[in-house]
Amino acid sequence: MASLHRCLVTLALLFLNLLPMAALLVCAHGAAGTEAESRISSVFVFGDSIVDPGNNNNNPLTEARANFPPYGQDFPGGKATGRFSNGKVPGDMIASKLGIKEMLPPYIGDELQISDLLTGVVFASGGSGYDPLTSIPAAAISSTGQLELFLDYKERLKALVGEKEMERVISEGIYFTFMGSNDILNNYFLYPLRRHQYDLPSYVKFLVSSAVNFTMKLNGMGAKRIGFMGIPPLGCLPSQRELGSRECEPLRNQAAELFNSEITKEIHRLNVEQTVPGSKFAYFDIYYNLLDLIQRPDFYGFKEVAEGCCGSTPLDAAIFIKYHPACPNVQDYIFWDSFHPSQKAYNNFIDKLHQQNMQELM
Ligand SMILES: *[C@@H]1O[C@H](CO)[C@@H](O)[C@H](O)[C@H]1NC(C)=O
């Protein structure tokens, strides 16, 4: 019933948009997956600013904040919540597609209800990465710090609902991790230390090992369905395109591709090894799905692929654009600021990722 209801709601919304054929296809396609998906009752997200819904809001030391205009102009109520986009971010969209809730809140802050604790929260922090050094200059919550928050969450939930119910929520939940961009963009290319220690392929190898260790720790803490998001085509972010030509910067794209191809093999290995029996791991390909938007903007209804709606230099993001005006026509833009996609772009590729890979976690 729940899935039929969701399908009808989808239909109604799409009919309003005058896209009846698309609506029929969505329902036909979604039908196979919805039953298993409707048994998922909680979502947890770890990562960086792609998915942080406001965990950095009360941290005055970090520049990676977005709880002021123009951020959030298209969020319900036009509210700047700390999400690094004009509207919702991937965690919200995943929770919504699974029929759990419309917004996935930050774990840090005092607005959480018990129902939020039962249905999932986000531990991500803008500026974070798999490499512990990445979070230090950004004053972000490191990947290890995010796992500590998860342990804190488990204790809090246990105190509220008892151990048995806590264990159920944790083992039946679905988990996503979105990190790695700051490791490559900031820690490797911007700051000198890691570049002195590693060449690019060996740094990527180190990152893959860090990412696998993170995933194994999370698995050991009770997470059994883990969706692993790859690294986006970093060289195509407005802030990284080469000055003058505005072409995608090839070295950053190669680093992302190398990480993604290595981690895909590791995910396969984790699935075979089953260190914790009954675990499922899936790789979600952000790289080619975002690149597809950039290469075929007309197909997806975009006009601007290289500039951000709030600007395109490395300083056109986070606290550096506090109260700056945004462009008037954000629906034309793939990128909202110089690092982060717009809500429309997120919607597009999260929709595709959901169709491509979600079943692997069911
Ligand atoms: C990951 O864990 C393994 C096994 O404990 C360890 O040997 C390796 O150094 C770790 N990798 C990183 C990058 O910390």
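Q: In which loop does Ile321 lie?
A: Ile321 lies in the loop between strand S5 (304-308) and strand S6 (333-335). Strands (E, at least two residues) and helices (H or I, at least four) are DSSP runs, numbered from the N terminus. The model is a predicted one, in which local features need pLDDT of at least 70, side-chain atom pairs count only at pLDDT 80 or more, and totals for chains, interfaces and linings use all residues. Residues are numbered from 1 along each chain as its sequence is written.

Q: What makes Ile321 count as buried or exposed?
A: A residue is buried if 20 or more other C-beta atoms lie within 10 Å of its own, exposed if 12 or fewer, and partly exposed in between, with C-beta atoms placed from the backbone. Ile321 has 21 other C-beta atoms within 10 Å and is therefore buried. Tyr71 is 250 residues from Ile321 in sequence, yet the two are 9.0 Å apart in space, C-alpha to C-alpha.

Q: Why is Ala318 put in one burial class and Ala139 in another?
A: Ala318 has 23 other C-beta atoms within 10 Å and so is buried. Ala139 has 16 C-beta neighbours inside 10 Å, so Ala139 counts as partly exposed. Ala318 is found in the loop between S5 and S6, and Ala139 in the loop between helix H5 (135-138) and helix H6 (143-161).

Q: Which peptide bond is called cis, and what is its omega?
A: The bond joining Pro69 and Pro70 is cis, with omega about 5°. Pro70 is found in the loop between strand S1 (43-47) and helix H3 (90-97).

Q: How do you know to which burial class Asp337 and Gly126 belong?
A: Asp337 has 31 C-beta neighbours inside 10 Å, so Asp337 counts as buried. Gly126 has 32 C-beta neighbours inside 10 Å and therefore also counts as buried. Asp337 is placed in the loop between S6 and helix H14 (343-357), with Cys309 28 residues away in sequence and 5.7 Å away in space, C-alpha to C-alpha. Gly126 belongs to the loop between helix H4 (114-119) and H5, and the C-alpha atoms of Gly126 and Pro53, 73 residues apart in sequence, are 9.0 Å apart.

Q: Why is strand S2 described as largely enclosed?
A: Five of the five residues of S2 (residues 174-178) are buried, so this strand is largely enclosed by the rest of the structure. Both faces are covered: Ile174, Phe176 and Phe178 are buried on one side, and Tyr175 and Thr177 on the other.

Q: How do you know that S2 pairs with S1 and with S3?
A: Two strands pair if DSSP finds at least two bridges between them. S1 and S2 have five bridges, in the parallel sense, and Val45 has Phe176 as its bridge partner in S2. S2 and S3 have four bridges, also parallel, with Tyr175 standing opposite Ile226 in S3.

Q: Why is S4 described as largely enclosed, and how does S4 pair with S3?
A: Four of the five residues of S4 (residues 280-284) are buried, so S4 is largely enclosed by the rest of the structure. S3 (residues 225-229) and S4 pair in the parallel sense over five bridges, and the bridge partner of Phe228 in S4 is Tyr283.

Q: What is the handedness of the β-α-β crossover from S3 to S4?
A: The chain crosses from S3 through helix H11 (residues 250-273) to S4, and this crossover is right-handed. The term applies if, with the strands pointing away from the viewer, the path from the first strand over the helix to the second runs clockwise.

Q: How do you know whether the radius of gyration agrees with a compact globule?
A: The radius is taken over C-alpha atoms, and the globule rule is 2.2 Å times the number of residues to the power 0.38. For 362 residues a compact globule would have a radius near 21 Å; the protein chain has 19 Å, which agrees.

Q: Which residues are around the ligand?
A: They are Phe206, Ser209, Ser210 and Asn213; a residue is near a molecule if its C-beta atom, placed from the backbone, lies within 6 Å of it.
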